[in-house]
Amino acid sequence: MMSSKYTLILGSAVLAAAVSLTPVFASDDFSPYGTATVDMKEYPVTNAVFDANYQDPNDLNLLYAFVNNTRVPLKGHMIVVTHGPELRAFAKENYVKYQAIVDRMAELAEEGVEFRMCRNALLAAGYAPDDFHGFITVVPAGFPELAYLQAQGYKYINPLPYSPLDVRYLDQPHLRK
């Protein structure tokens with residue numbers, strides 16, 4: 001059994017170790033540029049076109065979030081132009097495999113988001129226009145469609161399939177709650 005003197009010394013050592021492990025970023029030495037400002041503003045109504053070209057159809061889940069996070073504050077007309085390997089998720093024959101994704105895209109379509117698909121890409125992939133769900137509009141070509149919409153004033157958005165979700169914890173895993 002330890003005496004209270006040794007318990008006090010051991011307790012002090014544990015406390016000192018815990019204090020030395022406090023996040024270093026709490027010090028002003030690690031924030032030489034101050035703290036970020038917040039500029040929460042209303043955006044003017046803005047139309048946007050999303051360039052979707054994903055290797056993995058599952059990345060359409062990120063597209064769903066990007067479109068939702070853009071359409072709400074911009075309040076304008078949103079169009080998704082799809083012209084890559086992700087187009088197979090929209091094929092009726094793959095509905096069972098990609099049902100959750102397709103249902104989310106159909107939900108966006110019900111909210112007014114248009115989905116346009118490159119005819120060149122779908123033909124290159126071995127599909128015909130009638131192989132796709134009813135909320136898809138087939139257009140002659142993806143890149144010209146993007147240029148056409150930009151000429152009409154749509155703002156171009158290229159939502160790369162990288163999510164910022166939880167990236168803080170890659171560098172600071174001890175901060176995860």
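This is a predicted model: local features need pLDDT of at least 70, side-chain atom pairs count only at pLDDT 80 or more; totals for chains, interfaces and linings use all residues.
**Entry: the rings**

How are the rings of Phe-115 and Phe-135 set against each other? I found their centres 5.5 Å apart and their planes at 80 degrees, so this pair is edge-to-face. For the terms, rings of Phe, Tyr and Trp (its six-membered ring) pair if their centres lie within 6.5 Å; planes under 30 degrees apart are stacked, over 60 edge-to-face, and the rest tilted. Phe-115 sits in strand β3 and Phe-135 in the loop between α4 and β4, 20 residues apart, and the pair links these distant parts of the chain. Helices (H or I, at least four residues) and strands (E, at least two) are DSSP runs, numbered from the N terminus.

I then counted the aromatic pairs, and the structure holds 4. One of them joins Phe-90 and Phe-135, edge-to-face, at 6.1 Å centre to centre with 75 degrees between the planes. Phe-90 lies in the loop between β2 and α3, and Phe-135 in the loop between α4 and β4, so this pair ties together parts 45 residues apart in sequence. Phe-90 is buried too, at 1% relative accessible area. I wrote down Phe-90, Phe-115 and Phe-135 as one aromatic cluster.

**Entry: strand β3 and its neighbours**

Next I looked at β3, residues 114-118, which is mostly covered: 4 of its 5 residues are buried. On one pairing, β3 meets strand β2 (residues 75-82) in the parallel sense over 4 bridges; strands pair if DSSP finds at least two bridges between them. Here Met-117 of β3 is the bridge partner of Thr-82. Strand β1 (residues 46-52) pairs with β2 in the parallel sense over 6 bridges.

I also checked β3 against strand β4 (residues 136-139), and they pair in the parallel sense over 4 bridges. Arg-116 stands opposite Thr-137 in β4. From β3 the chain crosses through helix α4 (residues 119-124) to β4, in a right-handed β-α-β crossover. Right-handed here means that, with the strands pointing away from the viewer, the path from the first strand over the helix to the second runs clockwise. Another right-handed β-α-β unit is made by β2, helix α3 (residues 95-110) and β3.

**Entry: the whole sheet**

In which order do the strands of the open sheet run? I read β4-β3-β2-β1-β5, which is 5 strands with parallel pairing. The edge strands are β4 and β5 (155-157), each pairing on one side only.

**Entry: a helix residue**

Last, I looked up Ala-100, which has its place in helix α3. Is Ala-100 buried or exposed? At 56% relative accessibility, I count Ala-100 as exposed. I found its C-alpha atom separated by 8.9 Å from that of Asn-61, 39 residues apart along the chain.

Note on methods. Residues are numbered from 1 along each chain as its sequence is written. Side-chain values use heavy atoms; hydrogens and water are left out. Buried means under 20% relative accessible area, exposed over 50%, partly exposed in between (1.4 Å probe, protein chains only).
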